[in-house]
Amino acid sequence: MAYLDRLSARGDRLPGCRPALRALGRRYPLGVVTNGIDRVQRSRLAASGIAPFFETVVTSQGCGYAKPDPRILHVALDALGVAPRHAVYVGDDPVVDAAAARAAGVPFVWMDRGDVVRGARPRRRVRSLRELPGLL
């Protein structure tokens, strides 16, 4: 329990996160989809100061589905009122996130943070969140 409490308090952000979310949020409804514990993920978003940018937060614990099951993305799309073909899913796992997006019919953009990747690399990728507004 102490571990989850400490994790919940962490508000880590990638460089350029706030300006990218601000720019994207002016043009698109934004949501979070995560394989995680509901209270932990929501607390982390709040601690990071970026929770207000998102119209919906869907956790695997909260909806009962985990990526790569595409239903977790469909829960978020339904909450946002967006059709899969009009959405983009940005994820940092080129295998699990890409598989969920593909199965849900949602274009995928890989957030490549320089980790070693085995297998095929997704075609669309960014190395920084600052690249996203220009890509979309």
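A pocket, in these notes, is an open set of points on a 1 Å grid over the protein atoms alone, with protein on both sides within 12 Å along at least five of seven lines, and its lining residues have an atom within 4 Å of a point. Grid points are joined across faces, edges and corners, and a volume is the space filled by probe spheres set on the points.

**Entry 1, ground rules.** I noted that this is a predicted model, in which local features need pLDDT of at least 70 and side-chain atom pairs count only at pLDDT 80 or more, while totals for chains, interfaces and linings use all residues. Residues are numbered from 1 along each chain as its sequence is written, and side-chain values use heavy atoms, with hydrogens and water left out.

I looked up the second largest pocket and found about 200 Å³ of space in it, with 14 lining residues, of which Ala 98, Arg 102, Phe 108, Pro 122 and Arg 123 lie nearest its centre. Helix H6 gives the largest share of this lining, four residues (helices are DSSP runs of H or I with at least four residues, strands are runs of E with at least two, and both are numbered from the N terminus). By type, the lining holds ten nonpolar, no polar and four charged residues (Ala, Val, Leu, Ile, Met, Phe, Trp, Tyr, Cys and Pro count as nonpolar, Asp, Glu, Lys and Arg as charged, and the others, Gly among them, as polar).

The largest pocket has a volume of about 1400 Å³, and among its 43 lining residues Gly 31, Val 32, Val 33, Phe 54 and Val 90 lie nearest the centre. I counted its lining by type as 27 nonpolar, eight polar and eight charged.

I went back to Arg 102, which sits in helix H6 (residues 96-104) and counts as exposed because its relative accessibility is 61% (exposed means over 50% relative accessible area, with a 1.4 Å probe and protein chains only). From C-alpha to C-alpha, Arg 102 lies 9.7 Å from Tyr 89, although the two are 13 residues apart in sequence.

I then traced an open sheet of three strands, in the order S3-S4-S5 and with parallel pairing (two strands pair if DSSP finds at least two bridges between them). Strands S3 (89-91) and S5 (125-126) stand at the edges with a single partner strand each, so one side of each is left without a neighbour in the sheet. Strand S4 (residues 108-111) pairs with S5 over two bridges, and Met 111 has Val 126 in S5 as its bridge partner.

Terms used: Buried < 20%, exposed > 50% of the residue type's maximum accessible area, 1.4 Å probe, protein only. 1 Å grid on protein atoms, 1.4 Å probe; cavity = no way out; pocket = protein on both sides within 12 Å on 5 of 7 lines; lining within 4 Å.
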